[in-house]
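User: I would like to go through the packing of this protein with you. Could you set out your terms before we start?

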Amino acid sequence: MNPIISAKDISKRYGSAPLFQNVSFTVAEGNRIGIIGPNGSGKSTLLEILFGRVLPDTGEVAVRKRTKVSYVAQISEFASGDTVRSIVERALNHKAATAETIEGLPFRAVDALARAGFKDLDTKATELSGGWRKRLAIAEALVQAPDILLLDEPTNHLDLAGIKWLESLLQSAPFACVVVSHDRYFLENIATEVVELNRIYVDGLLRVDGNYSQFLEAKAEYIHAQGKRQDAVENRVRTESEWLRRGPKARATKAKARIDRAHEMIQELADLNSRSRVATAKIDFAATDRRTKDLIELAGVHYSIGGRTLFEGLDFTFRSQMRVGLVGPNGSGKTTLLRLLQGEIRPSSGAIKRADALRIVYFDQNRSLDPNVPLRRALAPDSDSVIYQDRVVHVAAWAARFLFNGEDLNQPVGRLSGGERARVLIAQLMLQPADILLLDEPTNDLDIPTLEILEESLLEFAGALVLVTHDRYMLDRVSNTVLGLDGLGQVEPFADYSQWDVWQQLQEKKAGANNLATQSARSAPVDPQRAAKKKLSYMEAREFAALESSIAEAERGLEATRATLADPAVQSDAPRLLRLCAEVDEAEKSLEKQYARWAVLEGKNG
């Protein structure tokens, strides 16, 4: 494929530490490249260099002539007074403005906004939630008809529906895209190549054709090979060091050449050791010694805001060692439910009973840290040490646990990145023993290594956990119960995120089938005499009676096949995996037809 952007031997540093050195990076037509790497490895800076906003210290970037590059930053900000319409109008070029228009905008702009879910084009951007501002920023980039779309952490503020919309958009996109993301399921679904920026690699990055799981396999092979190389070099260095200690005379050419090779190997070993040392945050939440089983009990809880019911008749008990994931669209009440559990707000009706002296620790997604406070005081508010698990820990050692060094301690919190602020908040939470953890979007801005450590800590936590996150991988791995909120009053329990996802898809198909049947009924000419006599025939009545059990059986079969697909043994058996994927596809199509037929018969029966 023809390259669109080529970056050769680029380097960038801020202060004394280099972000990356001598990195070469190419984007070709049709590429969907996912970029990962630890916080501070230079992922966002690389995107800005490709976009042309930042210049590399060394190296060069070549862009094909007449190439249009669009960029969506991590934080989507718009000027006061901007509306959805005005933002898109500004993004359009002159040629687009003369095309066929709908509501005063070119068709492709209206189409992009409609696909993004916007209905009122005169809505002010500042009134939109973080997720809708992100959708608007992506739509703004799309109407520019880019050849390459650069996205920096686009899933951070999107809800699950928004993430699926973006996945669908990128999977069928005519343009190339480069995406910085820590969302592992998102990378699995959209990436055709994955690149990790990391100092452990000789070239500063590892680039693998395929999605995220294929990247993990290639990375494991690379690390294994590097480990074997490191062992071999260590053995050679040991031998050569013994030889050097014996003091060989360097007069002979062979002896001098061997001395030179020995020094080269020692330097190579030093490089290998340096690259293999990877610092990771040490996260470990402390539980209390409480033995009470029932922690918080909700009985008939109803909550309304602004005349809208978020949930009603909610009965649920949070027990020790439960790990509950809350899922649902933006505005469905996930954060509200956390605030109810914490006692910050009261329900409109119903009762919430908490165990005596219950200790609740709450992670707020709004990252409420005083930007003027130095990191030292944010980590240790009262002195230069903290008490962690009954031990006194100096603030420098405590900071090092979360990947901060001594030089960082005196800088204000406002200068920290989003991922660094998240680590500070987690550090604060770890000092508070808890019976129940309430975590509202704790994964935003965290890199994949830190996410993996956070997941391990949550799995080992002995208390209860209630988790709101758009990270589907974490939900699947951590939660043992999922509560699905629809924002219309209903809250349904599920075994895991995957079960809720399947249920939601079937509900959407059922709704679509009902709408189709309704539209068909409305469009058909109506004979009053026939309408008065309209009932199911004997055969139709038998078919209708059998359909409900048939649909239920089909749903159980589909769930069983999906569960089999998740088996690691199946994942490694390519022929069986392909066969099961085909079975799932056929089962979904069959189920959709049954729902459509059921909707038609139900309409006649009514």
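Analyst: A nonpolar core is a set of buried Ala, Val, Leu, Ile, Met, Phe, Trp, Tyr and Cys residues joined through side-chain atoms within 4.5 Å, where buried means under 20% relative accessible area with a 1.4 Å probe and protein chains only. The model is predicted, so local features need pLDDT of at least 70 and side-chain atom pairs count only at pLDDT 80 or more, whereas totals for chains, interfaces and linings use all residues. Residues are numbered from 1 along each chain as its sequence is written, and side-chain values use heavy atoms, with hydrogens and water left out.

User: Is strand 3 mostly covered or exposed?

Analyst: Strands are likewise DSSP runs (E, at least two residues). In a regular strand the side chains alternate between the two faces of the sheet. On one side R32, G34 and I36 are buried, and on the other I33 and I35 are buried. With five of its five residues buried, strand 3 (residues 32–36) is mostly covered.

User: In strand 10, which residue is the bridge partner of I35?

Analyst: Two strands pair if DSSP finds at least two bridges between them. Strand 3 and strand 10 (residues 193–197) are parallel and share four bridges. In strand 10, the residue bridged to I35 is V195.

Notes
Buried < 20%, exposed > 50% of the residue type's maximum accessible area, 1.4 Å probe, protein only.
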